[in-house]
Amino acid sequence: MSFWDAHFLWLEIVIAAAAIGAATAAVGVHTTLRRVVFLPAALSQLAGAGVVVAFLLVHLVTAPAAHHDSAEAGTHPAFGHENSAPAGDGHAQVDQSDSAIPMADDPGVFTDDSAIPMADDPGVFTDDSAIPMADDPGVFSGEDDKDGASVAAAADHHGGEKPAVEAAGNVSGEALGSVGGSDWVAGHEPCDNTWSLPWLMALLFACAGALILGFVREGRQVTRGWLLGAVFVAASGAVLLLGGFIQQEMHDVNDVLFGNAIAISTDQMWQAIMVAALVLALHVWLAPLFLSYAFDPVTARAHGFPVQLLDAVLFLSMGLAIASGTRVVGALPEFAFAVFPGMAALSLVRKARWLMVVAALFGAASAFVGYWASFVLSLPTGATMAAAALALTLLARVAGRVLHRS
Amino acid sequence: MEPNCLLECNSVSIGYKKRVLIPGISFDIKRGDFLALVGPNGAGKTTLIHTLMGIVKPLAGVVRVRDDLRIGYVPQRGVHDQIFPLSVLDVVRGGGGSQGSSRFSLGTDKAARAALESVGLAAHSERLFRELSGGQQQRVLLARALARDPDIWILDEPTAGLDVPTEKDLMELVEHLSTAKKVAVVLVTHQLWLAARHAKKIGLLNSERSTFSMDDVGVMMTDERLSELFGRPITVRDATGHCGAGISTGRVS
């Protein structure tokens, strides 16, 4: 199956990634111009810390029994609604049987009503079924961690090959938990935590962090760079340390933290589009002001511009875009979208009014090219998106030199 | 406030983080005034103008301004990051709109082009600001302040780093425009000859003694005052290249 034939596999995630890539790139222009390119990295880690705190809170206030029950029922208490991940989901299996490896002959796992799709279920598998073969090493490998989840998982998956449920027994628990058993393999809607507590906490942490880091002033000993590094390390450490208390939920944490570039729900796609549209609209409207006062903040204040309000809007939009982007595509590509397209635009454009537009186009293109490369080359999606952003930026640098020399 | 008064300082203490640099500053600025602020490094000149502009709050006292007062600020050259690909027109528009415009709006193209015309840079409006010479950049910043149709122009060392002919041209332009548009000027400078040549009044900031004194140029520009200000013997001739008699008449020609 060609990339285009498999469009039903990637259309939603690519639309969401392109939208969020465009928004992040527009925001990234400001991080580049203000020389705070590590701000997005710190914010994505803060978003992760928010997710972990949310899960920890739920873990603390929910009775273990209730938690166990809800896990069995496919409902995660943190999400507050039914977890649409299939019953064959990795963590559900762990909760149920203490085994990460669901056995096909385990009636408790694969019943007639099992969420694991049966090959002969026309509602799940089309002729060109995208469901991967479980024994396909390109699909289920231990390397398929969340951030590195490869479109190969979706790419090898074609040609009407029928899934062999019994082969699930060959899948490592880790791989099943991270890719196969979770959102995508069963052909069901992914874990639909679109407006869940973890997501809202991620947003809260990222936006609060953006405001605090944006407004903090450099001192004689504490530079902004140092502060960004400190926040990055502290937030990363908090994720790992607090994560130790909620090991059963870490799969969901990773899903929210690093995104799931294999598949997202339609609701999540619309959420990403809405966030991107809001951020882009704000930047189209306010970009000239953002640029003017960033260029000369003292004069802007002297001339009566509402600098603090504008800064708050700018940093909130950064938090919004980065928390959303981290969720959709993962921390690495999100950081790449915040860094590279802005530089590409600065290389090409000599008129400020086009900076955001060109950066946004580069962000969207990086998402698409990265996803396409992941599909064609069977490489991890997050890494190919980051590599695509870098490659496009290098091309832009070369093109910019040629254009501006003439 | 008197009807002609644009800004009034009443027993204002300036400083940062509760550290008072100079207490008890009192003066006012009227339409058509040309005031130079002079003092050694760290004396508080920039702090004083930031206080006048409302960027820094006074530690004591009150700064009163006319209700619809418009300030045009010209910062020091070299404070702008060269990474910004802003055209000359973008920079001038970035100073904001004139009377009655929203706080969220930039200046109009028309006003920006008119201001550029008045500083002789109309032909450069589409060039990148960062590609201009130092003197041209300062003229663009003057145009940015001018485009707002200000009541007071506050210039923070506008000629720092410029060669002598460019410095002279720039200050003549400032004086010409301030006279033509009846704009009050507050000039911060280390170059005493500029203050002596163009200002009507001079304010001396002495951080050692924590004092501020202001009067007509002829009164302030004396060997004794300058020596006291800089803590070493300095004559008016040393500082300005002109003898004291020339200065005492008011403005050096």
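Predicted model: local features only at pLDDT ≥ 70, side-chain atom pairs only at ≥ 80, totals over all residues.
Colleague: What about chain A by itself, what pLDDT does it average?

Modeller: Chain A averages a pLDDT of 72, and 65% of its residues score at least 70. Within chain A, the lowest confidence falls in helix α6 (residues 173-180), with a mean of 31, whereas the highest is in α14(A), at 94.

Colleague: Where in chain A is the pLDDT below 50, then?

Modeller: One such stretch covers residues 70-149 of chain A, and beyond near neighbours in sequence it has 194 contacts in the model. Over residues 151-191 of chain A the pLDDT also stays under 50, and there the model has 141 contacts beyond four places in sequence.

Colleague: OK, and chain B, what does it average?

Modeller: The average pLDDT of chain B is 86, with 92% of the residues scoring at least 70. Confidence in chain B is highest in strand β7 (residues 184-188), at 95, and lowest in helix α10 (residues 244-248) of chain B, at a mean of 45. Residues 244-253 of chain B have a pLDDT below 50, and that stretch has 22 contacts in the model beyond near neighbours in sequence.

Colleague: Changing topic, how is chain B divided into domains?

Modeller: Domain 1 of chain B is made up of 1-69 + 151-161 + 178-248, and domain 2 of 78-149. Their C-alpha centres lie 26 Å apart, and the contact takes 4 residues from domain 1 of chain B and 5 residues from domain 2 of chain B. The side of domain 1 that touches domain 2 has 2 nonpolar, 1 polar and 1 charged residues.

Colleague: Back to the helices of chain A: at roughly what angle do α1(A) and α13(A) cross?

Modeller: The axes of helix α1 (residues 7-33) and helix α13 (residues 331-348) of chain A come within 7 Å and cross at roughly 65°. Because 65 to 115 degrees counts as roughly perpendicular, α1(A) is roughly perpendicular to α13(A).

Colleague: Is that crossing left-handed or right-handed, and which residues make the contact?

Modeller: The crossing of α1(A) and α13(A) is right-handed. Among the residues in the contact are A:Gly21, A:Thr24 and A:Gly28 of α1(A), together with A:Glu334, A:Phe337 and A:Gly342 of α13(A). By class, the contact of α1(A) with α13(A) has 10 nonpolar, 6 polar and 1 charged residues.

Colleague: What about α10(A) and α14(A), how do their axes run?

Modeller: Helix α10 (residues 266-295) and helix α14 (residues 352-377) of chain A have axes that come within 9 Å and cross at roughly 145°, and this crossing is right-handed. The contact is made by A:Leu280, A:His283, A:Val284, A:Ala287 and A:Leu291 of α10(A) and by A:Ala352, A:Met356 and A:Ala360 of α14(A), which divide into 7 nonpolar, 1 polar and no charged residues.

Colleague: And where α10(A) crosses α12(A), left-handed or right-handed?

Modeller: The crossing of α10(A) and α12(A) is left-handed; the axes of α10(A) and helix α12 (residues 307-329) come within 10 Å and cross at roughly 145°. Residues of this contact include A:His283, A:Leu286 and A:Phe290 of α10(A) and A:Leu314, A:Ser317 and A:Ala321 of α12(A). The contact of α10(A) with α12(A) divides into 15 nonpolar, 3 polar and no charged residues.

Methods:
Residues numbered from 1 in each chain as written. Chains lettered and ligands numbered in written order. pLDDT = per-residue confidence, 0-100. Helix = DSSP H or I, 4+ residues; strand = E, 2+ residues; numbered from the N terminus. Contact = placed C-beta atoms within 7 Å. Axes fitted to C-alpha atoms, helices over the stretch in contact; angles between N-to-C directions. Parallel < 35°, antiparallel > 145°, perpendicular 65-115°, else oblique. Left-handed = near helix turned anticlockwise from the far one by under 90°. Nonpolar A, V, L, I, M, F, W, Y, C, P; charged D, E, K, R; others polar. Domains from an automatic or database assignment.
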